[in-house]
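The exercises below are meant to be worked through with the sequence and the structure side by side. Please try each task before reading its solution.

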Amino acid sequence: MQMQNNNLKFLGIQMDCTSDSIKNANHIAKSLYDNPECDYAITPECALSGYGKNCTNESSDEALDEALEIVLNASRETQTGLFLGTMTIGQDVYNDCLIINNQGEIVNHQPKSQIIPYDTELGCKPAPMINPIQLPDHVGISAGVMICNDFWGGPIGGMPCIPQQYCKGGEVNILIHCTNGARGNGELIDQINWDWHNAWLQMISSIFRIVVISVDNSCHMKGESYYGRTSSPSGCWVAGEKIAGAPEFGQHNFTVTLPQDKMHPWGNALQNHT
């Protein structure tokens, strides 16, 4: 972790979200050890557990607990906070984002709100939609944390537009998006999905003059091997401009440094969003 200053450094981990949670955990941990200067890391949707039926089987619980400890230990040793995508299994099953501080402690979580039929098939329940979350190691900086469909599903599904609600509430400084979209379903549909995702990330950032960081999976949604373009770009947008990102193919990390004095909620000192 960096010395405390006026900048925040984020690490985006575009990775294969496989059905092997230990393999996933080791990849996340290595990314933290390779970038110890970062304040926070962001993973794709279900990066730890994988996004498949295996992750909700009782036989996988022990491996998932072990995988989580690998990541928490790396967080402690590098003093890096995390926005960690995973399935969480307790009294209820959630497609979840765990919020972890730089001491490797889970301090909050934001489950997916606008779940898709596949989430329902896995037993996931939807969660409340709007829940600004303070960055655990930076008082006064709040994030709207969204998982996949929560960011772009509302307008085409007749549901509330969650990023709009976060921004119009005037409480968040940044939108953090963990995603894992379908890909490899044919050249036309893959291109349509890419164009929509790319435009929506840019448009939300532009309209609301806000920072957006989005990170996608680099293999098939359910964990199978795949080499092709991700379903959406991984990167950081500021007021509509993409200022950092990962290549569209394969596993890559990217970093971006953001000055805190430019991370204003929408509607608050808009003239400073330059």
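**Exercise 1.** How many disulfides does a search of the whole structure find?

*Solution.* The structure is a predicted model, in which local features need pLDDT of at least 70 and side-chain atom pairs count only at pLDDT 80 or more, while totals for chains, interfaces and linings use all residues. Residues are numbered from 1 along each chain as its sequence is written, and side-chain values use heavy atoms, with hydrogens and water left out. A disulfide is a pair of cysteine sulfur atoms within 2.5 Å, and the search finds zero of them. Take cysteine 167 to begin with: the closest cysteine sulfur, which belongs to cysteine 161, is 8.6 Å from its own sulfur, and that is too far for a bond. Cysteine 178 is likewise in no disulfide, with the nearest cysteine sulfur, that of cysteine 97, 4.0 Å away.

**Exercise 2.** Decide whether cysteine 167, cysteine 178 and the rest of strand β8 are buried or exposed.

*Solution.* Buried means under 20% relative accessible area, exposed means over 50%, and partly exposed lies in between (1.4 Å probe, protein chains only). Cysteine 167 has a relative accessible area of 1% and is therefore buried, and cysteine 178, at 0%, counts as buried too. Helices (H or I, at least four residues) and strands (E, at least two) are DSSP runs, numbered from the N terminus. In strand β8, which covers residues 174-178, five of its five residues are buried. Ile174, Ile176 and Cys178 point one way from this strand, whereas Leu175 and His177 point the other way.

**Exercise 3.** Which strands pair with β8, and in what sense?

*Solution.* Two strands pair if DSSP finds at least two bridges between them. Strand β7 (residues 142-147) runs parallel to β8 and is joined to it by five bridges, with glycine 144 standing opposite leucine 175. Strand β9 (residues 211-215) also pairs with β8 in the parallel sense over five bridges, and here leucine 175 stands opposite valine 212. Between β8 and β9 the chain passes through helix α7 (residues 187-207), in a β-α-β crossover that is right-handed; that is, with the strands pointing away from the viewer, the path from the first strand over the helix to the second runs clockwise.

**Exercise 4.** Which residues have the most contacts inside the largest nonpolar core?

*Solution.* A nonpolar core is a set of buried Ala, Val, Leu, Ile, Met, Phe, Trp, Tyr and Cys residues joined through side-chain atoms within 4.5 Å. The largest has 43 residues, and those with the most contacts inside it are Phe10, Ile174, Leu175 and Ile213. Contact means heavy atoms within 4.5 Å, and among the residues that isoleucine 213 touches, not counting those up to four places away in sequence, are Phe10, Ile174, Leu175 and Phe254. Another core, of 22 residues, lies apart from the largest one and includes Met15, Leu48, Val71 and Ala74.

**Exercise 5.** Where are cysteine 148 and arginine 209 found?

*Solution.* Cysteine 148 is found in the loop between β7 and α4 (149-152), and it has a positive phi of about 45° although it is not a glycine. At 11% relative accessibility, cysteine 148 counts as buried. Arginine 209 is found in the loop between α7 and β9, and its phi, near 50°, is also positive. With a relative accessible area of 30%, arginine 209 is partly exposed.
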